[in-house]
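This report describes a predicted model. It is written for a reader who meets the structure here for the first time.

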Amino acid sequence: MWTFLVQGVFQGAVYGLLAVGLVLVYKGTRVFNFAQGEFGSVAAFVTWGLLLHTAVPYLVAFVGGLLAAVAMGLLVERAVVRPLFAASRLILLVATVGVALLAIALTVLAAQPQARVLPPAVAGEPITVAGASVLPQQILVLVALAAVAAGLAGFFRTDLGLAVLAVSQDPVATRVVGINPVMLSRVIWGLAAGLGGLAGLLQAPVGIFTPGFMTATTLLPAFAAAVLGGMTSLPGAFAGGVAIGVAQNLGIYLLGQQLAVPGAAELTVFGLLLAVLLVRPQGLLGKAA
Amino acid sequence: MAATAAPRSPATIAPAPPTLAVPLPLAGLLARAVVAGLVAAAVLVPPLLAGSVWQQRIALAAIYAVIGLSVNVLTGHAGQISLGHQAFVGIGAFTSAYLSFRLAAGFPVAVLVAAATGAALAGVLGLAALRIRGLYLALVTLAFGLTAETTLFNWRAFTGGGAGAEAPRPALVGTDLRYSYLCLAVLGLVLLLDWRLVRTKAGRAFVVLRGDERVAATLGVNVTGYKLLAFVLSGLLAGLAGALFAHWSQVVQALDFDFQIALVWVVMAVVGGLRSRAGVVLASAFFALLPTVLPELLTASPVQPPFLNEAVYHVLPPFVAVVLLLLTLILVPGGVGQLLLPVRRWLAGGRLRTGRSAPQAGDGG
């Protein structure tokens, strides 16, 4: 059981990375972005394709994947979010669902539906952390999460970062003081897509990956993490990610392993999501609505 | 911000039923009767002329139309999104299969119990979701659908696990021809139900409810009750469609009800135009046929574009679906229903063209 909990922390780091992107987009543009997972899937497939078809070093392929995710984020912002910005938030949600389905279809088209293997960024045998066997790649995810947290904390002290915070609190006033909301929307979507790409690139080598793998396995836990953190709180999203990872693995151990309930992972996430929304809808670190 | 209720003119809140201010001339009446008759014939005649393959497809199109109308009750009428509709359709399918195959219950009993099970499951989710609104409800329903898919539908004793559950057809509707007429008849009943629903007190309550829950409450609308009613009715139709689907394919398995199909069902209701019965039915039929007919057309086409191969055929339907969705949302927010509006007005005795703009669908928040 201890192994499950430790593994949960590392799995939770991926949820946290994805959740931060969800929170950024929600804070900045009030959109629930169901395509956030696909930024990660697409990045993983681009990196995989670059390694397969070209002789570029891993780092270049990795950056190529990240850039592809950012480009996709900017494209979604321009082609879907901006034309629909005046529509109801529910319609925008359905539109991002459409984007996710489209991205999955295009990945299948480009790379076939088979499962693929991406070499890890850091190779090596599993090592023992706190009594549990962990891949070096998984430790990298945790390091990346910490680095992103520090990086974002720094970003929000810059003028651009402050503008993003401002638009999330009062879009009209931000516009009045002369900050271009279109530019900010681009920054937010590009940044969130980059973070989603990072999450996908770090998660893919942990096992095998298929088209849409991030949407199928990590999007919902990441949303649960964001909701648990308060949906508008970045530290909440980081902490929520780890908490959901641990709780989900606890559920897999107790329900799946001990009681042989099928779908224990999904069941646990559903239960957690419902519990948070019913008991404390503003989340742990969010402001009361 | 999410709940901003823009001021709306009365016309966009409830499109006034077209009234016959001036009695129509005989020619006008005749023309309308001929067109209505042609539409009815276009639905009722093809099963007779078609082979078994197309009879099955027509049946599936009718089943999808019932699913589309089920999504429409919840999302279109009551303004509550459901991304987990596969839970309700699936429970209906497995219940009907279990009752008719394992317990040897009669077909009507199995189908009715399946519909009731769908209603009960949706009612339970509705109870849990009473305090959850808008975007968060989307999340909860998505998680609920995924959970049903991985937990409930993989419960071996109930669904037969990976092997699937058998769902035999009774002799009376055993042939594909008879089954397609059964599905069309059920669709007709569901359309009738929906038509009555929007014209009752509940229908008027839904109008206010989807506009703004707080406003609805101040107007004395029983928000809790009508929300639950929408969930239960939607689950009832979904369970019914699930049962029809089970006996249509005769073997059902958990894979038939994955989360992508639930997303397609939402897409088809939106593309059809929420609250437009004709639009939803047409779009649902289109989405039911797309995965089989499109690859067939491409394979049969005399000119084969060089880049098309087997893999492309499987990807094209979701691709077409999503492109249609995005185009609908951006260019024609009212969906197919908005495009059909002039025809509908004309059939009801009005003019084909009027100055009034079409009501905006998809404004439910």
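## Two helix pairs in chain A

The axes of helix H3 (residues 58-81) and helix H8 (residues 181-203) of chain A cross at roughly 140° and come within 8 Å. The crossing of H3(A) and H8(A) is right-handed. On the side of H3(A), the residues that make the contact include A:Phe62, A:Gly65, A:Leu66 and A:Glu77. On the side of H8(A), they include A:Arg186, A:Trp189, A:Gly190 and A:Leu201. By class, the contact of H3(A) with H8(A) comprises 13 nonpolar, 7 polar and 2 charged residues.

A second pair in chain A is formed by helix H1 (residues 2-29) and helix H11 (residues 234-259), which pack at an angle of about 140°. The axes of H1(A) and H11(A) are 6 Å apart. H1(A) and H11(A) are therefore oblique to each other, and their crossing is right-handed. The contact of H1(A) with H11(A) has 18 nonpolar residues and 10 polar ones, with no charged residue.

## The interface between the chains

In the contact between the two chains, 34 residues of chain A meet 40 residues of chain B. Helix H4 (89-111), helix H10 (219-229) and helix H12 (264-279) of chain A each supply at least two residues of the side of chain A that touches chain B. H4(A) gives the most to this side, with 13 residues. The side of chain A that touches chain B divides into 27 nonpolar, 4 polar and 3 charged residues.

## An exposed loop residue in chain A

A:Gly124 is located in the loop between H4 and strand E1 (127-129) of chain A. A:Gly124 counts as exposed because it has 10 C-beta neighbours inside 10 Å, where the cut-off for an exposed residue is 12 or fewer. A:Val6 is 118 residues from A:Gly124 along the chain, and the C-alpha atoms of the two are separated by 19 Å.

## Chain B as a whole

Chain B contains 16 helices and 2 strands. Of its 365 residues, 49% are buried. Among the contacts in chain B with a separation of 6 or more, 81% are between residues 24 or more positions apart.

Helix H2 (residues 26-44) of chain B has 19 residues. H2(B) reaches 26 Å from its first C-alpha to its last, close to the 27 Å expected at 1.5 Å a residue. H2(B) is hardly covered, for the count of buried residues among its 19 residues is 0.

## Two loop residues with positive phi in chain B

B:Gln250 has a phi near 70°, a positive value in a residue other than glycine. B:Gln250 is found in the loop between helix H12 (223-249) and strand E2 (251-252) of chain B. B:Gln250 counts as partly exposed because it has 14 C-beta neighbours inside 10 Å.

Phi of B:Arg275 is near 75°, again a positive value in a residue other than glycine. The position of B:Arg275 is in the loop between helix H13 (259-272) and helix H14 (277-300) of chain B. B:Arg275 is buried because 27 other C-beta atoms lie within 10 Å, and a residue counts as buried at 20 or more.

Notes. Residues numbered from 1 in each chain as written. Chains lettered and ligands numbered in written order. Predicted model: local features only at pLDDT ≥ 70, side-chain atom pairs only at ≥ 80, totals over all residues. Contact = placed C-beta atoms within 7 Å. Helix = DSSP H or I, 4+ residues; strand = E, 2+ residues; numbered from the N terminus. Nonpolar A, V, L, I, M, F, W, Y, C, P; charged D, E, K, R; others polar. Axes fitted to C-alpha atoms, helices over the stretch in contact; angles between N-to-C directions. Parallel < 35°, antiparallel > 145°, perpendicular 65-115°, else oblique. Left-handed = near helix turned anticlockwise from the far one by under 90°. Expected span 1.5 Å × (residues − 1).
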